[in-house]
Amino acid sequence: MATIEILGIEKRYGDTSVLKNVSLSVEDGEFLTLVGPSGCGKSTLLRIIAGLEAPDAGALRIADRDVAKDRPKQRNVAMVFQSYALYPHLTVLDNIVMPLRMRRLTAAQRFPLLGRWMPGTRRIEREIRAEAEQVASILGVEPLLARKPGQLSGGQRQRVALGRAMVRQPAVFLMDEPLSNLDAKLRVQMRSEIMALHRQIGATFVYVTHDQAEAMTMSDRVAVMMEGELLQVAAPEQLYSDPDDLRVAEMIGSPQINAVPVHALNRQLCLAWQLSQDTAVAAFRPENAIITRPADAMLNGTVAVSEHLGADVFVHVRLDGDAGTIVIRTDRTSPRHTAGTAVGVSVEGRHVLRFDAKKKRCRPSQDHGALVA
Amino acid sequence: MTALSSPRNAISAAGARPASASKQRGDRRGWLYSAPAVVTMGVLLFGPLLAVMLFSLTDWQLGQEQFSFIGARNFQELFADTVFWKSLRNTFLYVLLVVPGTVILGLIVAVLLESSNELKGLYRTAHFIPVMAATSAMAIVWGTMLHPTIGLFNHILYGLGYSGVSWLRDEHTALLALVLIGIWQGFGYAMVLFIAGLKAIPQNLYDAAEIDGADSVMDRMRLVVLPMIGPVLMFVMVVTAVRAFSVFDTVRVLTAGGPNYSTDVLLYRLNTESFDYLRTGYGAALTVVFLGIVIAITLLQAKIMDRRVHYS
Ligand SMILES: Nc1ncnc2c1ncn2[C@@H]1O[C@H](COP(=O)(O)OP(=O)(O)OP(=O)(O)O)[C@@H](O)[C@H]1O
Ligand SMILES: [Mg+2]
């Protein structure tokens with residue numbers, strides 16, 4: 001059982017606050033992804049869980065045990081780094097066995113040259129080697145065991161780094177953007193390999209990425225971070241359809257969600273969309289908007305550009321009255337919209353998400369309150 | 001442009017020409033382009049080397065107008081001379097003590113400096129002063145500090161209740177005192193190179209080592225620091241070794257090879273034979289031996305370097 005409970009973690013570097021009151025609990029065997037823009041504190045949080053960094057405030061429990069004072073070695077966590085962090089002077093085999101060597105052999109048994117003659121060393125070394133070879137065969141790096149990291153491709157290095165993390169069967173896997181140095185094709189392949197690995201070993205995974213596609217496809221739940229705060233933790237579908245925060249809605253989904261300021265909308269539309277008094281922004285997904293004739297619509301604009309991407313066509317429409325530009329997703333069977341044409345846009349009220357001035361979601365209980373007068 | 005890089009490229013640039021004619025042309029052009037470098041190297045490096053080797057086979061004395069070739073007689077005399085063997089032994093002893101001393105002290109200070117933040121710049125400069133200071137001037141300061149009656153070291157010993165030592169005038173301590181001065185002189189240079197090497201180690205490797213369970217200082221040293229600064233370590237060892245082999249100023253200023261030849265070293269011997277006794281031919285033979293040793297170290301280094309410390 002390895003749950004992770006993070007309670008009110010704070011971290012500052014000098015004057016800048018990097019993590020602000022972060023609380024999060026990860027279930028045993030869960031695949032949780034931390035996603036957020038660069039510099040939002042994802043790596044810092046991961047390093048705090050690993051014990052590489054100490055928080056300034058807050059509590060951390062792994063497997064129901066307070067680990068605040070534990071060194072990384074005692075926490076039973078493994079970590080995979082973006083840059084792989086393999087030992088360049090050691091062979092693949094020696095890299096993979098290192099965590100076991102450090103744990104199972106005493107300092108005397110690891111002593112250069114002499115250690116081999118200590119009682120028990122050879123037996124333990126043999127066991128360790130067998131385990132490493134088994135891990136290597138799972139990852140398909142068996143033929144590479146005698147090579148040095150410098151002689152491997154990026155994908156192979158990534159697998160070796162995974163192997164080094166797997167070999168001691170940790171309760172918690174921490175991965176910091178493990179795929180970001182790989183090319184697009186390999187990234188997709190490794191993505192499914194990591195998912196398969198997770199199913200196979202059933203450990204708790206905390207996975208950091210700034211690629212929302214990775215986050216959405218791989219995880220049980222996604223935690224969205226921004227500027228050191230956790231905005232929302234939810235299943236991928238829920239994050240997409242039911243975001244708590246405008247910033248979450250904007251980050252998840254491509255093309256980005258359309259956000260229209262309420263002051264740019266006419267009263268009729270506010271009523272039709274049932275916008276409450278405190279709504280500042282109305283937002284809807286590109287696939288939920290339909291292009292109509294200008295006369296039939298409550299939202300009007302001019303086509304700025306049409307992007308043809310094979311099956312999909314993204315039509316960018318500049319709204320009248322300085323309300324910004326929105327994107328509408330249509331398919332190639334629908335009529336072409338050339339730049340400069342005046343069009344109407346229609347969105348059903350049930351597809352509209354309402355956010356207040358602080359970018360927080362206006363929930364239905366409030367939505368049915370006072371309508372815009 | 002292609003012709004610039006090497007004769008072979010010149011050939012391929014010539015392309016359609018008959019093979020042998022264009023090859024000749026290309027060869028000649030290649031040599032022409034490398035001529036400045038070849039001539040400079042010849043005049044500045046190989047010329048003097050050749051001259052020394054020739055001198056070592058003669059009985060020439062500085063200032064004399066004639067000399068004759070005497071074959072290997074200088075070398076025979078050299079190898080029969082007990083003072084030469086003593087100076088060779090002293091030199092090796094000096095190197096064997098100074099190199100590890102300098103490297104270990106330099107590395108320890110570098111690691112300590114890198115792991116602390118305060119006054120880093122000041123300490124770094126302070127430790128580098130011995131490297132920049134003129135050796136003979138510093139040797140005089142050391143001479144004063146090691147002086148049997150007025151020296152600081154003996155006053156400390158007196159203070160602790162011991163009797164004093166005539167550091168530089170005692171056969172048993174003179175070389176040791178020179179070794180300490182040698183280490184003091186060289187470790188700042190080693191330290192600066194080590195600091196540069198330490199800075200180049202990615203933080204991720206320390207993190208990985210810590211996660212893997214290598215969290216003691218010794219484990220971190222063995223798993224991350226030493227392997228990662230391997231090339232720097234090798235370089236520092238070779239530079240220090242070559243410098244230690246050419247130790248001269250401190251010997252000259254502080255002990256003049258004494259007492260009883262206990263601090264006589266190769267270069268001091270060379271200096272004495274060539275310039276005090278004006279035996280140029282004999283001195284040249286000594287130089288050849290000296291150069292042989294230094295070249296051997298450098299070659300050995302190149303070999304180990306390629307095999308052990310570059311990992312890809
Ligand atoms: N050792 C440090 N000293 C000072 N500031 C730091 C330190 N480490 C991180 N920071 C700052 O903390 C913030 C969060 O850093 P962190 O590495 O956690 O971001 P991240 O979300 O992982 O970003 P990325 O996606 O680029 O990896 C950044 O603004 C960074 O500049
Ligand atoms: Mg990061």
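With which residue of chain B does Arg47(A) form a salt bridge, and how far apart are the closest N and O atoms? The partner is Asp207(B), and the closest N and O atoms of this salt bridge with Arg47(A) are 2.5 Å apart, where the term stands for a side-chain nitrogen of Lys or Arg within 4 Å of a carboxyl oxygen of Asp or Glu.

1. Basis of the note. This is a predicted model, in which local features need pLDDT of at least 70 and side-chain atom pairs count only at pLDDT 80 or more, while totals for chains, interfaces and linings use all residues. Residues are numbered from 1 along each chain as its sequence is written, chains are lettered from A and ligands numbered from 1 in the order in which they are written, and side-chain values use heavy atoms, with hydrogens and water left out.

2. Interface of chains A and B. On the side of chain A, 28 residues are in contact with 20 residues of chain B (contact being heavy atoms within 4.5 Å). The two chains bury about 2000 Å² between them, and carbon and sulfur atoms give 58% of that area (the accessible area, with a 1.4 Å probe, that two parts lose on being put together, summed over both).

3. Polar and charged pairs across that interface. The rule finds three salt bridges between chain A and chain B, together with eight residue pairs in polar contact, both residues at pLDDT 80 or more. A polar contact is a pair of N or O atoms within 3.5 Å; within protein, one must be able to donate a hydrogen and the other to accept it, and residues adjacent in sequence count only if both atoms are side-chain atoms.

4. Elements supplied by chain A. On the side that touches chain B, α1 (42–50), β6 (77–80) and α2 (92–104) of chain A each supply at least two residues, and α2(A) gives the most, with four residues. Helices (H or I, at least four residues) and strands (E, at least two) are DSSP runs, numbered from the N terminus.

5. Surroundings of ligand 1. The residues around ligand 1 (a heavy atom within 4 Å) include Tyr13(A), Val18(A), Lys42(A), Thr44(A), Glu177(A) and His210(A). An oxygen atom of ligand 1 lies 2.6 Å from a side-chain N or O atom of Ser43(A). On the backbone, a polar atom of Gly41(A) is 3.0 Å from an oxygen atom of ligand 1, and an N or O atom of Cys40(A) is 3.2 Å from one.

6. Domains of chain A. Chain A is divided into domain 1 (4–241) and domain 2 (256–366), with bounds that come from an automatic or database domain assignment, and the C-alpha centres of these two domains are separated by 42 Å. They bury about 300 Å² between them, 30% of it on carbon and sulfur atoms; in domain 1, Leu231(A), Tyr240(A) and Ser241(A) lose the most area to domain 2, together 92% of what that side buries.

7. Domains of chain B. Here the assignment gives domain 1 (1–55) and domain 2 (73–307), which bury about 380 Å² between them, 86% of it on carbon and sulfur atoms. Leu49(B), Val52(B) and Phe55(B) supply 89% of the area that domain 1 of chain B buries against domain 2 of chain B. Between these domains of chain B the count is zero salt bridges.
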